Structure formats: structure tokens, C-alpha cells
Amino acid sequence: MKVSLFITCMADIMTSNVGKDTVEILERFGCEVDFPDTQTCCGQPAYNSGYLENTKATMKHMMKVFRESEYVVGPSGSCVAMLRGYEAIFRGDPEWEEEAKKLAAKTFELSQFLVDVLGIVDVGSTFKGKVTYHPSCHMTRILGVKAAPVQLLQNVEGVDFVELPHGEDCCGFGGTFAVKNSVISGQMVQEKADHVVETEAEYLVGGDMACLLNIGGRLSREGSYVKVVHLAEILNTVK
Amino acid sequence: MGIRIGDPSFETRVQEGIENDFMLNSVASAQGRFRGRRGVATEELGNWEDWRSLGEEIRSHTLENIDYYLQQLSDNVSKRGGHVFFAATADEANEYIKEVVKRKNGKKVVKSKSMVTEEIGLNKALEEAGSEVIETDLGEWILQLDGDVPSHIVTPALHLNRDQIKETFANKRGYDKSNTPEELGLFAREELRKDFLTADIGITGCNFAVAESGAVTFVTNEGNARLATTLPDTQISVMGLERIVPTWEELDVLVSLLTRSAVGQKLTSYITGITGTRLAGEIDGPEEFHLVIVDNGRSEILGTEFQSALHCIRCAACINVCPVYRHIGGHAYGSIYPGPIGAVLTPLLDGYENHKELPHASTLCAACTDVCPVKIPLHEQLIRHREIMVEKNMAPTAEKIAMNGFVKWSTHPAAYKLSSKLARTALKPWTKDENITNGPGPLKNWTAQRDFPAPSQQTFRSWFKERQKGEKSK
């Protein structure tokens with residue numbers, strides 16, 4: 001099975017290890033992974049800020065990048081939801097409607113791809129520690145991926161899983177919101193960090209780098225010992 | 001007072017909210033209660049998604065045929081001896097109501113809870129005309145005594161705790177008992193009962209008007225709407241023009257959605273339907289009944305991409321799940337309609353100019369969209385508001401420059417690659433131990449609240465490239 005990796009700009013620049021782990025997991029399950037080198041960002045920062053018309057150029061670029069791909073898989077619920085969202089955005093556009101539809105149909109978030117497409121619920125990895133999981137907003141509510149990441153995580157040998165209280169609440173990232181409304185965002189991430197600490201977990205796991213960067217940044221500011229890791233990292237820890 | 005409340009500056013209002021620990025504690029615990037109860041009640045009903053679809057369908061059908069149903073409603077109210085007045089604006093509504101009150105020599109007016117009368121500023125208009133106006137919903141009464149404004153559309157005094165309420169009762173009404181809800185409630189009941197018995201006019205809102213019969217319905221837990229419509233001789237009900245259902249059958253569905261979504265109850269203690277005036281042989285009900293149907297910007301929303309915002313049945317489920325609301329409180333929105341629905345509705349009713357921060361007062365987490373019982377795509381409408389403000393050239397210049405830069409960056413892979421490679425080096429002066437605690441430019445606001453990690457030593461793409469080369473050489 002051929003899979004094109006959609007790294008997302010965030011993971012590309014900030015946490016390249018997440019990309020590496022994603023590639024290795026996919027290869028472990030027999031996927032042939034390629035990396036279309038001209039990919040950039042899904043366009044969310046500008047689209048969510050109201051710059052729809054300008055952002056269409058970015059979206060068209062991304063559609064061209066993945067035109068030939070059989071599957072597109074990315075380690076982010078939010079960015080994958082955005083790529084899939086092109087379908088609604090270009091509905092009625094004679095030139096791009098079909099293309100957007102095709103991209104939406106073949107694009108998956110990592111855990112979604114593993115569980116729904118490859119049918120894998122246990123990746124056979126080992127990770128020792130008490131972990132909690134933040135189910136990010138776009139992953140769960142826009143993309144509709146709720147069970148897959150938790151199922152994968154709970155099946156990792158050695159993982160002591162604790163539920164995150166009020167996990168469904170937003171961490172306060174919200175793209176430009178974190179900068180534009182930084183005071184409100186600060187209150188929100190503080191609350192999230194408090195809930196994480198409450199669980200007494202050693203690791204906070206998530207499927208969206210942006211949320212993890214936000215929560216991790218707050219935990220770091222507080223000098224917390226909780227380590228923040230992307231799901232891919234845990235799934236790629238083999239004996 | 002009308003739709004706008006509080007300090008004109010959003011930043012000031014937010015700061016006031018964030019610093020008000022009493023308020024934030026009350027809000028957080030109320031949200032927790034409502035959310036828990038709502039979850040249980042919807043679970044118990046079963047097939048919640050089907051109920052939501054039905055609710056959406058009913059609201060959408062009604063709005064598509066709103067002129068027909070308004071005509072039907074108006075005809076049926078008239079047949080039952082009532083008067084109908086269509087008010088295009090807040091002023092028209094207030095003038096009409098003042099006229100009625102004056103003609104009936106209405107010295108004392110009792111009111112049941114109504115957001116639309118808050119929206120049009122009715123109390124102020126009536127008081128200026130010389131009437132005494134008494135709010136009889138417990139929350140509204142507390143606010144009225146306190147000179148405060150609602151912070152929530154279902155539980156308007158949500159931002160106050162029982163100690164504060166006790167203090168208000170003590171200061172304004174000489175209350176000398178405890179802060180228990182029972183004693184506070186009993187006191188309010190006794191005080192308000194006197195007003196009910198001596199009022200000349202009863203003014204109510206209207207949860208839904210039923211077109212097929214000309215009835216107005218009220219959903220309350222205190223029974224005050226029932227007293228306000230049965231004791232005074234004159235009843236005036238005020239409704240937004242969208243708050244209409246075709247028949248009792250649709251009312252059944254919407255009330256089922258409303259009470260569960262709002263307070264997690266199967267039914268509220270009182271659900272009242274009043275049709276027309278007192279007929280011969282009846283012992284109660286008003287001699288005179290007026291239905292004031294308020295447009296005030298609503299018809300402008302019909303037929304636009306925001307039409308579904310008029311689906312709203314004012315349950316406040318979106319407010320109760322909103323994390324932004326939880327951290328700033330209702331008053332910070334600067335509108336009597338706070339939270340996600342307020343951020344959507346307020347700019348539509350009152351223009352963007354005074355509310356340009358509202359569409360941005362959301363992380364687009366979509367918790368609101370998820371709970372809305374009539375499926376308003378709230379977070380998508382917030383994005384649409386942002387788009388319109390960009391189209392109207394209302395976005396800050398710095399943002400426009402940044403976004404244009406973003407589009408160039410994300411459509412030119414060479415520039416993207418180069419800048420992503422340089423990110424780590426560029427941030428080096430601010431980086432210490434792989435961490436940035438006081439970043440430059442746009443990072444400044446970020447690091448004011450939290451740390452920012454140093455970008456990876458190697459970008460993913462250069463790793464992948466090297467790996468490919470390595471594989472080839474193997």
C-alpha cells in the first residue's frame with residue numbers, strides 16, 4: 001500500500017521526530033511511504049482567520065501536491081480535518097470540486113488510518129509509564145476520530161492509562177487565538193495543565209502537535225515533570 | 001439599555017472577567033452542573049442525534065415559510081380577541097408597549113423573563129414613561145435589585161453566588177435570614193407575590209408561539225410567567241419574529257429539546273400555553289392581550305448564510321460548554337447574548353463595528369456546534385463572520401500583512417523550505433536550554449502565557465532526504 005506522508009508544517013519544523021515515528025510505524029505495517037517534497041501547510045491559520053479567498057491558493061497548492069497519492073496520512077487530527085474540509089470549501093467550483101473530493105476521500109489521520117484502513121488496533125509496541133490522553137477538539141469533533149487513538153494507546157504494552165478529566169475541553173490553542181486572545185488562551189491552557197497534573201500521569205499523549213505545544217508550553221512554564229509526547233512516538237517504541 | 005452592555009472596550013471587559021474570582025467560580029460550577037445534567041437527560045431520551053435532526057428540520061421549515069406562519073399566527077391571535085403588533089425596530093416595539101401601558105393606566109408592571117425585552121431595552125423605556133417595572137424571574141429580580149445585567153440567557157444571574165445574593169437582598173430589601181437557597185427563595189417569593197397581586201400589566205417573553213392556534217407558550221421553573229399572565233388584567237407578550245412553531249406537535253419536539261439542553265430536565269416545572277383573552281365564563285386570564293412581534297434586524301438575516309442562527313431556541317447549551325465563556329464570564333461579551341450564539345447573533349443584530357472582537361472570541365473548538373439541539377453550525381458561522389470582516393476591510397493591517405505573507409510562504413515550497421530550515425537559527429538569540437520563555441514578535445504573546453520549544457535540530461524533510469540517500473547507497 002502506498003502512503004504519502006502529510007507531515008504538517010508544525011511537525012516538520014518543530015518536532016521532526018513525530019514525522020520520523022509516523023514513517024516508521026507505517027513502514028512497519030507494510031506501507032510504502034513517500035514524502036511529496038513540495039508540501040507546505042494546510043492553510044488553517046489564514047482560513048480560520050477569515051482569509052478564505054487568499055487561502056484558496058494554499059489549498060490548491062496542497063491538492064496538486066497530493067494529486068497522485070494513493071493515501072495521504074498525517075499525524076494531526078486538525079490538519080487532516082482541514083485537508084478534508086477542502087471538499088466543502090470548493091463545492092460548486094467547476095475546476096476544483098472533484099479534486100477536493102478525491103483528496104478528502106483518501107486523507108487520514110494516523111490513528112484513524114491504522115484502525116479504520118489497516119485494521120490494526122494493537123501495534124505491538126511497548127512503553128512503560130502512566131499516561132493520560134488529550135482528545136483534541138478538531139480530531140474528535142471535526143474529524144470524528146474518538147476511539148482509535150485511545151484504543152491504540154491502551155493496547156500498548158506497559159501503558160498505565162488514566163482518563164484526563166474534562167478532556168473534551170479545548171486547551172486554548174485555537175491557532176491565532178493563542179496570540180490574538182493570549183490572556184484568555186492563557187487561562188484555558190492553565191486549566192488544562194491543572195487537569196493533566198491532577199491525573200498524576202508522567203506523560204501527556206495527544207494526536208495534535210499544536211495542542212501539545214500549547215499544553216506542554218504551560219507545563220514547562222510551571223516546571224512540571226509531566227512529559228508531553230505525540231501518540232506516534234509511543235506507538236513507535238518497540239522493544 | 002439594549003443589546004450592548006458593559007465597558008466599550010473588549011479588553012477591559014475580559015480583564016474584569018478574568019480578575020473576578022467569585023464570578024468565575026460560580027460560572028465554572030454552574031457549567032459543570034448543566035453539562036452533567038444535560039448529558040444524563042439526552043442519554044435517557046435516546047437517539048439524541050435523530051432528535052437534533054428533527055429539531056433542525058422543524059426550525060428550518062418554519063423559517064423557510066415564516067411569512068405564512070406569522071400570518072397564520074396573527075390571524076389566530078386576532079380571532080381569539082388579541083391584538084398583534086409587528087415592530088420593525090426596538091423603538092417601535094417600545095413605543096407600542098408604552099402606549100398600551102399608558103392607555104391602561106399601568107402604574108405597576110410585572111414581567112417574566114424575556115431576553116427580547118432586554119434586547120430592546122423595554123424596562124428603561126417603561127420606567128422613563130413613569131411605570132414601575134418588576135422582574136419576577138428570580139435571577140432577573142436579583143439583577144434588577146442590584147442594577148446588574150444578565151450574563152447568561154437562561155440563568156441570568158449565573159455570575160453571582162448565594163452570599164452575594166443574600167447581600168443584595170439585605171441591602172435593598174432588609175433581608176435578615178441565611179444564604180440558603182430555600183430561605184432566599186422563600187423571601188423572593190413573598191416579596192414578589194405582593195407585586196403580582198397588585199400589578200396592572202403583565203409582560204412576558206414567549207418561548208414559542210403556536211401558529212395553528214394563536215397561543216403563546218412559556219417554559220419556566222418558577223411559575224412566574226403563569227402568575228404574570230393570569231393575575232393582571234392586561235397581558236403583553238413580546239417575541240422575536242422567529243420564535244414560532246407551526247403546530248402543538250412541533251412544540252412538543254422543541255420543548256423536549258429545550259428543557260433537556262438548557263437544564264437537563266425532561267420538562268420544566270411549568271410549561272404554559274395561553275390562547276387569547278379571558279372568555280365569558282372563565283375565571284382568569286387577561287381582559288386584553290397584545291402580542292408584539294419584534295423584527296429588530298431578524299428579517300435581514302433570513303435568506304442569508306446566517307439564517308440557521310435564527311434556529312436558536314435559547315437553550316444556552318452552547319454557552320454551558322464554552323471554555324471561553326467559562327474563563328471570561330457573560331458580561332465580557334458586551335452583549336446580552338453571550339457565548340457562542342451571542343458571538344454569532346450580536347454582530348448580525350447590532351453590526352460588526354461595536355462587536356468586532358466577538359467572532360474571534362472562540363478557539364473554534366466546535367463544542368458549541370456539537371451540543372446545539374437545532375444544529376446551528378456555530379463555529380463555522382464565526383469563521384464566516386471573520387471572512388466578512390476581512391471583506392469589509394475591518395481586519396488589522398498587521399494581520400493582513402501576516403496573512404498575505406503566510407499565503408506566499410505556503411504556496412512557494414522553496415521559500416517554505418528555506419525558512420523552516422532557518423527557524424531554529426533565527427530563534428537562537430531567544431533560546432536557552434532548548435526553550436524560549438520570552439519570544440520576539442508574534443511569539444511575545446505566546447510566551448507571555450507559556451513556553452515555546454526550540455524548533456527541531458533537523459527538519460523532517462531533511463531527515464527524510466538523507467534517509468532516502470542512505471537507502472540508495474546501501
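User: What makes B:Phe218 the residue that stands opposite B:Thr272 in S9(B)?

Analyst: This is a predicted model, in which local features need pLDDT of at least 70 and side-chain atom pairs count only at pLDDT 80 or more, while totals for chains, interfaces and linings use all residues. Residues are numbered from 1 along each chain as its sequence is written, and chains are lettered from A and ligands numbered from 1 in the order in which they are written. As for your pair, strand S6 (residues 215-220) of chain B is joined to S9(B) by 6 bridges, and the two run antiparallel. Within that pairing, B:Phe218 stands opposite B:Thr272. Two strands pair if DSSP finds at least two bridges between them, and 6 bridges were found here, so S6(B) and S9(B) count as paired.

User: Which strands are the edge strands of that sheet, and what makes them so?

Analyst: The sheet is open, with 4 strands in the order S8-S5-S6-S9 (chain B) and mixed pairing. Strand S8 (244-245) and strand S9 (270-275) of chain B are the edge strands, as each pairs on one side only. By the way, a strand is a DSSP run of E with at least two residues, a helix is a run of H or I with at least four, and both are numbered from the N terminus.

User: How many helices and strands does chain B have?

Analyst: Chain B comes to 22 helices and 13 strands. Its C-alpha atoms fill a box of roughly 100 × 55 × 45 Å along the principal axes.

User: Why is B:Thr117 called buried?

Analyst: A residue is buried if 20 or more other C-beta atoms, placed from the backbone, lie within 10 Å of its own, exposed if 12 or fewer do, and partly exposed in between. B:Thr117 has 29 other C-beta atoms within 10 Å, so B:Thr117 is buried. You'll find B:Thr117 in helix H6 (residues 115-120) of chain B. Across chain B, 47% of the 474 residues count as buried.

User: What is B:Thr117 in contact with, leaving aside its neighbours within four places in sequence?

Analyst: B:Lys111, B:Leu122, B:Ile203, B:Gly205 and B:Val238 are in contact with B:Thr117. Contact means that the C-beta atoms of two residues, placed from the backbone, lie within 7 Å.

User: Over to chain A. What makes S2 and S4 edge strands?

Analyst: Chain A has an open sheet of 4 strands in the order S2-S1-S3-S4, with parallel pairing. Strand S2 (32-34) and strand S4 (107-109) of chain A each have a single partner strand, so one side of each is left without a neighbour in the sheet. Neighbouring strands of this sheet are turned by 35° against each other on average, direction ignored.

User: Why are H7(A) and H9(A) called roughly perpendicular?

Analyst: Two packed helices are described by the angle between their axes and the distance between the axes. Helix H7 (residues 110-117) and helix H9 (residues 147-154) of chain A pack at about 80°, with axes 8 Å apart. Axes are lines fitted to C-alpha atoms, for helices over the stretch in contact, and angles run from 0 to 180 degrees between N-to-C directions. Angles under 35 degrees count as roughly parallel, over 145 as roughly antiparallel, 65 to 115 as roughly perpendicular and the rest as oblique. H7(A) and H9(A) are therefore roughly perpendicular.

User: Which residues of H7(A) meet H9(A)?

Analyst: A:Ser111, A:Gln112, A:Leu114, A:Val115 and A:Asp116 do, facing A:Ala148, A:Pro149, A:Gln151 and A:Leu152 in H9(A). The residues of this contact divide into 5 nonpolar, 3 polar and 1 charged. Here Ala, Val, Leu, Ile, Met, Phe, Trp, Tyr, Cys and Pro count as nonpolar, Asp, Glu, Lys and Arg as charged, and the others, Gly among them, as polar.

User: And how many residues of chain B are in contact with chain A?

Analyst: 49 residues of chain B are in contact with 54 residues of chain A. Helix H19 (residues 397-411) of chain B gives the most to its side, with 7 residues. By class, that side divides into 29 nonpolar, 13 polar and 7 charged residues.
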